[in-house]
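Subject: Structure handover

Hello,

Here is the structure for your side-chain work. Please open it first, then read my notes below.

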Amino acid sequence: MLIKCPWCGDRSLAEFSYQGDATIIRPSDPLSLSDNQWNEYLNLRNNPKGWHDEIWQHLNGCRKHFKARRNVVTHEIADTKPMDGSLQGGRS
Amino acid sequence: MQNYSIFSLARNALSHHKNWTEAWRSPDPKPEYDVVIIGGGGHGLATAFYLAKEHGISNIAVIEKGWLGGGNTGRNTTIVRSNYAIEGNAFFYEKSMDLWRGMTQELNYNVMFSPRGVINLAHSDAQIDDFQRRGNALRLNGIDAQWLSRDDLKKRVPLLNMSPDARFPITGGLEQPRAGTARHDAVAWGYARAADARGVDIIQQCEVTGLKIEGGRMTGVETSRGFIAAKKVGVAVAGHSTQIFDMAGIRLPIESHLLQAMVSEPVKPSLDTVITSGASHVYISQSDKGEMVFGGDLDFYNSFAQRGNYPTIEHVVAACCELFPTYSRLRLMRTWGGIMDMSMDGSPIIDKTTIEGLYINAGWCYGGFKATPGSGWVFAHTIAQDRPHALNECFSLDRFQTGHVLDERGAGPVAKLH
């Protein structure tokens, strides 16, 4: 699998570290959450079979984190963007 | 069911093996069953078998979208062990081990269970302390464990690289002598045949497309072969658990990940035990056909692909050759992947759900194969009695919310690390 780092271009999977689902946002005030809400944030996952927005780190390269939209069935990557970018494509 | 024995073998030899009957029927689905099991892998088939045998329920359908044992049951590295230290896990896997020991006789089907021992290698002084503590914890729970020194290992596994100059020098090992391997396909086939003999309908090429729920109760499943009514539905579908429970509006603490395994070309017997190394991420055994069977870690990204990437294969092969330099001469024959239902604490979920009559059996991470008989046994109890057995009470679905997680590895809520 080749992954396009937004800064370094296409590089081998071996240089990257997977950091998980990019749609999960840490709650701004954890103490105000119920156990149920905390469980939803911490443990529950959408785990879609198809396009998945996720965070990768170019660990053995520029070491920067970025977002990717990848199809978890075909391993096709539709788009990669810096963390503050907006992913395009996929989801057809 | 035609009994398999030396006499039936001799009798059929006289007729040139032309009169063997099929091992199980392929019936069309009936309109209604007492229990429907989704998933025709080892766990689903074992559940159906124990429902019929232990609980007297035989009006059961096992529905499978592909073919029997075509998922993780036929894709694992066939290792059977019960060396778990946390009590919730320890007694469950011991129950499973008891069932493994009698499985061939119970099913009248040779599952080739081979208790050849499983050895976890230690690679540092700290690991010696850790493994011995673990061994003591196991023995206090009545599970066998024995420490092997470097000298013991040299005698036991002569091909192992014991050089002090190795990348991860071996300092000893912890063995579970009763652990070993079994023929994975035979487990699915044996349970299928024995369940079928007790009246269970096994329906392959039948995909579930929806769950029918009325007033918070299960009433049946929509499938590619029509609607099947059932008040009780057990789900044992491993990597696709999320997709089935999406149909019921239940989110799970599960991510699906990719785990690869591979075999070399077959060679003469060279390894009579199972060697595992956590430090170099590899486990190795030799199949009865002579292939070296090995696997390692996940590919570490979410996937439903059933095929992996080369960096992981390279890593596993490198670890294998580091432990067994001799095997560097072997050619790799096949590689494949399976989709693991990685739970957030590394332990399984076998429980009722918030929907009456819907039961979950999921979250097996790396370890589903060894649990096959125990999983079926407790899941059958959970479905038949509508409450968990004492052995699976701690595998509850709500433990993530209440904080009673079973984190055997101590890795925290990161699915890929379990």
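B:Glu291 is buried, with 6% relative accessible area. Its salt-bridge partner is B:Lys289, at 3.8 Å from N to O. B:Lys289 is exposed, at 57% relative accessibility. Bear in mind that this is a predicted model.

Salt bridges

The total over all chains is 24 salt bridges. One of them joins B:Arg25 to B:Asp196, at 3.0 Å from N to O. B:Arg25 lies in the loop between α1 (6-14) and β1 (32-38) of chain B, while B:Asp196 belongs to helix α6 (residues 184-197), so the contact ties together parts 171 residues apart in sequence. B:Arg25 is partly exposed, at 31% relative accessibility. B:Asp196 is buried, at 11%. A network of salt bridges links B:Arg25, B:Asp196 and B:Asp201.

Look at B:Asp144 and B:Arg178 as well. Their side chains form a salt bridge of 2.9 Å, N to O. B:Asp144 sits in the loop between α4 (125-140) and β5 (146-148) of chain B, and B:Arg178 in the loop between β6 (172-176) and β7 (180-181), 34 residues apart. Both B:Asp144 and B:Arg178 are buried.

Aromatic contacts

The whole structure holds 16 aromatic pairs over all chains. How are the rings of B:Phe92 and B:Trp364 arranged? Their centres are 6.1 Å apart and their planes meet at 35 degrees, so the pair is tilted. B:Phe92 is in helix α3 (residues 87-107) of chain B, and B:Trp364 is in the loop between β18 (358-362) and α9 (372-385), 272 residues apart. B:Phe92 is buried at 0% relative accessible area. B:Trp364 is buried at 8% relative accessibility.

B:Trp100 and B:Phe369 make another tilted pair, with 5.3 Å between centres and 50 degrees between planes. This pair also links distant parts of the chain: B:Trp100 is in helix α3 of chain B, B:Phe369 in the loop between β18 and α9, 269 residues apart. B:Trp100 and B:Phe369 are both buried.

One aromatic cluster takes in B:Tyr84, B:Phe92, B:Tyr93, B:Trp364 and B:Phe395.

Charges over rings

Two contacts to view here. The charged end of B:Arg193 sits over the ring of B:Tyr4, 3.5 Å from the ring centre. B:Arg167 places its charged end over the ring of B:Phe168, 4.4 Å from the centre.

Best regards

Definitions and conventions:
Residues are numbered from 1 along each chain as its sequence is written. Chains are lettered from A and ligands numbered from 1 in the order in which they are written. This is a predicted model: local features need pLDDT of at least 70, side-chain atom pairs count only at pLDDT 80 or more; totals for chains, interfaces and linings use all residues. Side-chain values use heavy atoms; hydrogens and water are left out. A salt bridge is a side-chain nitrogen of Lys or Arg within 4 Å of a carboxyl oxygen of Asp or Glu. Helices (H or I, at least four residues) and strands (E, at least two) are DSSP runs, numbered from the N terminus. Buried means under 20% relative accessible area, exposed over 50%, partly exposed in between (1.4 Å probe, protein chains only). Rings of Phe, Tyr and Trp (its six-membered ring) pair if their centres lie within 6.5 Å; planes under 30 degrees apart count as stacked, over 60 as edge-to-face and the rest as tilted. A charge sits over a ring if NZ of Lys or CZ of Arg is within 6 Å of the ring centre and within 35 degrees of the ring normal.
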